[in-house]
Amino acid sequence: MAVRSAQGDGPTSGRWDGGAEKTDFNAKRKKKVAEIYQALNSEPTDVAALRRMAISEGGLLTDEIRRKVWPRLLNVNTSDPPPVSGKNLREMSKDYQQVLLDVRRSLRRFPPGMPEEQREGLQEELIDIILLILERNPQLHYYQGYHDIVVTFLLVLGEKLATSLVEKLSTHHLRDFMDPTMDNTKHILNYLMPIIDQVNPELHDFMQSAEVGTIFALSWLITWFGHVLSDFRHVVRLYDFFLACHPLMPIYFAAVIVLYREQEVLDCDCDMASVHHLLSQIPQDLPYETLISRAGDLFVQFPPSELAREAAAQPQAEKTAASTFKDFELASAQQRPDMVLRQRFRGLLRPDERAKDVLTKPRTNRFVKLAVMGLTVALGAAALAVVKSALEWAPKFQLQLFP
């Protein structure tokens, strides 16, 4: 059973004041809940509709609904729980000590006021989930920050269901973070600057001049922002969005945070220390719904396939590769998602092959695409574009984990 009752299952979009506004909000909320259950109860389940509900304003609204919808988004059979390992994983696992240290540092991830005995019990469950997944999937490698994702699923879903969903997530969305090295993670970060360059060349050039790099966004990416956001409502709202979307959506969301803070960045001294310090301190009062909508918009306008060349041409590139990820279309048809497929390119991309900035790029084709895709302000149809997109990235040099 889920365990986050201490925080309630209220809406994630904030409070409303005023009779008329509250009535309108309640009506929209009631309508959305009805649409979600209609999609859940259809035969077969309307997964595409559930994705649209998860993306659109307010997300999935409550943890009760998430317990029903998240497994559908990941195509996990809730009636088939993972087997319990007969081994003493705490004695056998090479990762146990690191997992133990990370879990002990995760106190702030639990609801305020939770009894100590209950919290300690959940921390023990968190350790067991992580060790079981690693034991069942020896190709996966633990990384610092993984526990921040697992604890979110534990608090919403409970131990058994969380284990099933995180295992699926670890072999799909999180797969590249769980390689033996951080090479693929580094290259996913390399998509950040090309996205910013497409939208705001001035901000991009300022950050390049400051030589700030992208390390400030590392913990955002590999924890799906769970490590840096203090309000659990905002974390699960983002998880609704990410679970319904392409695996690269977290880096697009990271980009829109930086773009949203444009003026703060440009007001900084143009040096690495100043800009890194500013960006690494993520605001807690972000306009999440606006940023989610913007991230979806940018994904449709500038899909990963268009940015792959620029990302591969980032400084210090030593080799290039491509990965494709095409699972959501199959999942929506009630089929098992594909695994991450890896392919190798030969040679290096020359710097002069980078695409020109947004000021010199014709926009007509992109706007035609948006019209055809039926992208709405609320992103009601953007999931269709997200579902059908392919992913390309290249591994780069190793980097250090965040503290």
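Biologist: Where are D63 and R66 placed relative to each other in helix α3?

Modeller: Let me begin with the general idea. An α-helix has 3.6 residues a turn, so residues three or four places apart point the same way. Here, D63 and R66 are three residues apart in helix α3 (residues 63-73), which puts about one helical turn between them. Helices here are DSSP runs of H or I with at least four residues, while strands are runs of E with at least two, numbered from the N terminus. This is a predicted model, in which local features need pLDDT of at least 70 and side-chain atom pairs count only at pLDDT 80 or more, while totals for chains, interfaces and linings use all residues. Residues are numbered from 1 along each chain as its sequence is written, and side-chain values use heavy atoms, with hydrogens and water left out.

Biologist: What do the side chains of D63 and R66 form?

Modeller: Side chains of opposite charge can pair when their charged atoms come close. D63 and R66 form a salt bridge, with their closest N and O atoms 2.9 Å apart. The rule asks for a side-chain nitrogen of Lys or Arg within 4 Å of a carboxyl oxygen of Asp or Glu. D63 and R66 also belong to a salt-bridge network with D240.

Biologist: How many salt bridges are there by this rule?

Modeller: The count is 16. Among them is the one between E167 and R136, at 2.9 Å from N to O. E167 sits in helix α8 (residues 159-170) and R136 in helix α6 (residues 116-136), so this pair ties together parts 31 residues apart in sequence. Another joins E264 and R261, at 3.1 Å from N to O.

Biologist: How many disulfides does the count give?

Modeller: A disulfide is a covalent bond between the sulfur atoms of two cysteines. With the cut-off of two cysteine sulfur atoms within 2.5 Å, the count is zero. For C270, the nearest cysteine sulfur is that of C268, 9.4 Å away. C270 is partly exposed, with 39% relative accessibility, while C245 is buried at 1%.

Methods: Buried < 20%, exposed > 50% of the residue type's maximum accessible area, 1.4 Å probe, protein only.
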